Amino acid sequence: MISMKSSLLSSGLSSWRTPPSKGPPRVPVFLFIQFCADRRSAQLCNSLKRFSMSIEGNVKEEKQAIRKQLRATLSTLSDDYILQSSQKVASQLFELPQYKASKGVACFLSMPKEFNTRSILEKIFMDGKSCYLPRVESVRDSAMVMLKAESMQDVDSFPPGKWNIPEPPRSGPARLEALDSSSDLDLVIVPGLGFDYKNGRLGQGAGFYDRYLSRMKQTHVSKKVFLVGVTLDELMIESVPRDDNDMLMDVVLWPSKPNA
């Protein structure tokens, strides 16, 4: 009780005085109720925080387990099979009204054993659209930019970057970034290790696209940029575990997608 009184006094309740009586001081009922309520609130907040951290940990573990399975599946697929499947998805992409209406398209250059974007890149340039391709700026910060490529000849001259993926060079003339105010970006073709049937995406785990798409959402408040996930049949799963950092695609395309 004495320590409680000290706490209450230090909280600015200096006007309260212990009534003269023998025995321990009595705390007014309204202060006692408030004290208990504050303790319960703090306990509840701490419990919710621990619960949230537990959920985040579970989501991370689930994602890691699924990535391991999908990488094992990918390793069994031949390059020829991946190329043929990728071309089927490319045909679906070219029929999307959002692709036909687009002026600027951000895409990606494929890693080994990954969806092959070669035919998509060729079509973007053939259709006279602007093409933006990624370059890693910081591995530690999972930061990347999307820079404008001028032609397939330009793309084929890109030096290998992180993970041996060709990237726009750091030397030479400055290139327009896709999030610049003068950019015409309106569609992004997004890679992923896996996708689900509700347009959820599972990345490789480094967070580059999560951060970039979040920046894009903040800088393109007045302009909708259409997100297209592209993948293989074998990489479609029932449900991707999601947290607050994960962004849904507007559409996901895979070779055997019905009515595509």
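Modeller: This is a predicted model. Start with the pair formed by Arg118 and Glu122, whose side chains meet in a salt bridge at 3.2 Å, N to O. Both residues lie in helix α5 (residues 118-126), 4 residues apart, about one turn of the helix. Arg118 is partly exposed, at 36% relative accessible area. Glu122 is partly exposed too, at 35%.

Glu167 sits in the loop between α6 (152-156) and β4 (185-190). Glu167 is buried, yet it has no salt bridge. Its nearest side chain of opposite charge is Arg170, 4.6 Å away. The Glu167 side chain does have a polar atom 3.1 Å from the backbone nitrogen of Val136. Beyond four places in sequence, the contacts of Glu167 include Pro134, Arg135, Val136 and Phe158.

Arg135 pairs with Glu137, with the closest N and O atoms 2.9 Å apart. Arg170 also meets Glu137, at 3.1 Å, N to O. This second pair links distant parts of the chain: Glu137 is in strand β2 (residues 130-138), Arg170 is in the loop between α6 and β4, and they are 33 residues apart. Arg135 is buried at 11% relative accessible area, Glu137 is partly exposed at 37%, and Arg170 is exposed at 56%.

In total, the structure holds 14 salt bridges.

Conventions. Residues are numbered from 1 along each chain as its sequence is written. This is a predicted model: local features need pLDDT of at least 70, side-chain atom pairs count only at pLDDT 80 or more; totals for chains, interfaces and linings use all residues. Side-chain values use heavy atoms; hydrogens and water are left out. Helices (H or I, at least four residues) and strands (E, at least two) are DSSP runs, numbered from the N terminus. Buried means under 20% relative accessible area, exposed over 50%, partly exposed in between (1.4 Å probe, protein chains only). Lys and Arg count as positive and Asp and Glu as negative; His and the chain ends are not counted. A salt bridge is a side-chain nitrogen of Lys or Arg within 4 Å of a carboxyl oxygen of Asp or Glu. A polar contact is a pair of N or O atoms within 3.5 Å; within protein, one must be able to donate a hydrogen and the other to accept it, and residues adjacent in sequence count only if both atoms are side-chain atoms. Contact means heavy atoms within 4.5 Å.
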